[in-house]
Amino acid sequence: MGCCESSFLTGRDSLHKTNPNHHHHHKSNNNRLTQTNNGPSQTSKGTDSVGGGAGGVPDFSEFSLAELKAATNNFSSDFIVSESGEKAPNVVYKGRLQNDNNRRWIAIKKFTKLAWPDPKQFADEAWGVGKLRHKRVANLIGYCCDGDERLLVAEYMNNDTLAKHLFHWENQTIEWAMRLRVALYLAEALDYCSSEGRPLYHDLNAYRVLFDENGDPRLSCFGLMKNSRDGKSYSTNLAYTPPEYLRNGRVTPESVIFSFGTVLLDLLSGKHIPPSHALDMIRGKNILLLMDSHLEGNFSTEEATVVFDIASRCLQYEPRERPNTKDLVTTLAPFQNKPDVPSYVMLGIPKHEEGPPTPQHPLSPMFDACSRMDLTAIHQILVMTHYKDDEGTNELSFQEWTQQMRDMLEARKRGDIAFRDKDFRTAIDCYSQFIDVGTMVSPTVYARRSLCHLLCDQPDAALRDAMQAQCVYPDWSTAFYMQAVALAKLDMHKDAADMLNEAAALEEKRQRGGKGS
C-alpha cells in the first residue's frame, strides 16, 4: 500500500559520519589484515599506548573494492547500519572480510560520488587518521580509492550510539555513573587525538559516540577526516553550531570543545537542548530542572553541578575562554565512582561474544499477535517498544523551546499514560492534540492511536493512522502490521494477509541488518 513521501529519516548518517568521496586509485594488495602497507606518506605505527581492541587493531591498509563488495554482499541494503539509512549522503555498512580468520565485523563508510575528487587528498587524509590507535577510538583500519569510489573502513562497534542509548532507549536509561564515564572517555579520546596532531573533529555529537562489545564508549574515527567538497562540518541545526563556525565557516580545536559541551548537555538532560537555552537556565541556577527526569534523582547534585560548570565553560561564546582537552580529562577523572563495574553491566546489555549469527525465529511476537488478531498482545508489545523506532523524527524536539512545543509534548505524555492504562478514548484525544499541532511527527503515536481506534471499534480510522505511520517511516514493519489488523477488521482478508507478509519481511530484513534490537 503505497504512501506519501517520507518526511522522516532526515537525521544524520548517525552511526558514523563525515562527508566525502572519490576518484582513481592506487593498486591494492589482497593479503588483508596482516600487512602494513606503505601509504602515501609513511607506514602506520600501531601507536596504541593504551592498548587496542580485542585481538589488537589491524594495521592500516588499502582495500580493493572487490574485497569490500564481498564483505557487504555487494553493498546490500540489509547491511546498512547508519541511522538515516539509504537516504543519507554517506552510508555506513557493516561487513565481514572474507579472508579475516577472526571473522571480525568492520564498518564501511561509502561516500557520495565525487565528494573527494582528488584521490591523493583522500588517501593522504585517510593515512593521517589511520595512524591513530587508541582504545577510546573506533579506529580507522583502511580505505579504498577505486575509480570514483571513496570508502573508509573502521572497527565496527556493535552496541549502538550514545544518541540511541540516551534519547531512544528501550530497556533502561543510562545511569549517572555511566554518563560520567562517557564524558571522561570522550574527553580522553579527544585529548589523545589532539596530542597526536589531529585536534579537529567535524560535527561531534551523540551520534559519533559508539559503544563497543564491552559497552565502552568510543569516538567514531570518521569525524576526524577533513571534510570533503560536499561536506559541511556541521550537519546539525544551527542552534548547536559553534558561534565562530557561523562567522567564518572554519572548524578549530576550540569549536570541538564547544561541541563537547553540547554532548555534556545531552548526558545531563537526556535531551537535545539548544546551548543558549541551557546556559540561561544554568545562569538562573535552574540546574535541577535541566537534569534528566529519567534518572529519578539517582545522581549526586555536587557532581552534576561540576559537570554543568564544565559544560558552560565549553559553551563560552569566545573560543579562548573554553577549556582544552587536558583540562577536561583532569576535571572529569575524579568523578569515576564505579571503576570496577564493567560498562556493559551499567548499560544493561549482554556481554558480547562474537559467534555465528543466530537464525531469526520465523514467528516474531508481533507477527504472532497480529495473525491471531490479539489486540491485547499488540498493546503490550507497543507499550514495551515505547518510542525506540522514532529515531530521527525527534531530531526536531528541542530546536525551539516554545510553550507550544511543551504543550504538545505534554499532550503526548498524557496520551502515553492513558494508553498504558488502557484508557483508549482519552489516549485518542491526547494523541490527536499532539498530531494536530503538526510541529513534530511521530510514527509511534500514529501506531498507538491506530490500535486505540481498533479497540474502540473504528477500523477505518485505524487504517488511516497505520498508513500515516507508513508515510512517516516507509520501511517500518509495525505500520504494516497495524494496517494488516485494520484490513482484517474491515473483512479485507486477502489484503490483510498480503500486508502481514510484507510486515514480516520488513521486520526480518531489519533484524538481519542489525538495525534494531
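Predicted model: local features only at pLDDT ≥ 70, side-chain atom pairs only at ≥ 80, totals over all residues.
What covers the buried residues of α13? Good morning, and thank you for coming.

Helix α13 spans residues 375-385, and its buried residues are L375, A377, I378, H379, L382 and T385. Their cover includes α12 (365-371), α14 (403-420), α15 (424-437), α16 and α18 (477-489). Please look also at the two ends of α13. At its start, a side-chain oxygen of D374 comes to within 3.2 Å of the backbone nitrogen of T376. After the helix comes H386, with a positive phi near 55°.

Let me now turn to the helices that pack against one another. Two packed helices are described by the angle between their axes and the distance between those axes.

We start with α14 and α15. Their axes come within 8 Å and cross at roughly 155°. An angle over 145 degrees counts as roughly antiparallel, and α14 and α15 are therefore roughly antiparallel to each other. Their crossing is left-handed. On the α14 side, the residues that meet α15 are Q404, M408, A411, R412, R414, G415, D416, A418 and F419. Their partners in α15 are F424, T426, A427, C430, Y431, Q433, F434 and V437. By class, this contact has 10 nonpolar, four polar and three charged residues.

The next pair is α15 and α16. These helices pack at about 145°, with axes 9 Å apart, and their crossing is left-handed. From α15, the contact draws on F424, A427, I428, Y431, S432, F434 and I435. From α16, it draws on V445, Y446, R448, R449, C452, H453 and L455. Here the classes are 10 nonpolar, two polar and two charged residues.

Is R449 buried or exposed? The cut-off for a buried residue is under 20% relative accessible area; R449 has 12%, so it is buried. Which residues does R449 contact, leaving aside its neighbours within four places in sequence? They are I428, Y431, S432, I435 and D465. With D465 there is also a polar contact of 2.6 Å between the two side chains.

Thank you for your attention.

Key. Residues numbered from 1 in each chain as written. Heavy atoms only, no water. Buried < 20%, exposed > 50% of the residue type's maximum accessible area, 1.4 Å probe, protein only. Polar contact = N/O pair within 3.5 Å; in protein donor to acceptor, adjacent residues only side chain to side chain. Contact = heavy atoms within 4.5 Å. Helix = DSSP H or I, 4+ residues; strand = E, 2+ residues; numbered from the N terminus. Axes fitted to C-alpha atoms, helices over the stretch in contact; angles between N-to-C directions. Parallel < 35°, antiparallel > 145°, perpendicular 65-115°, else oblique. Left-handed = near helix turned anticlockwise from the far one by under 90°. Nonpolar A, V, L, I, M, F, W, Y, C, P; charged D, E, K, R; others polar.
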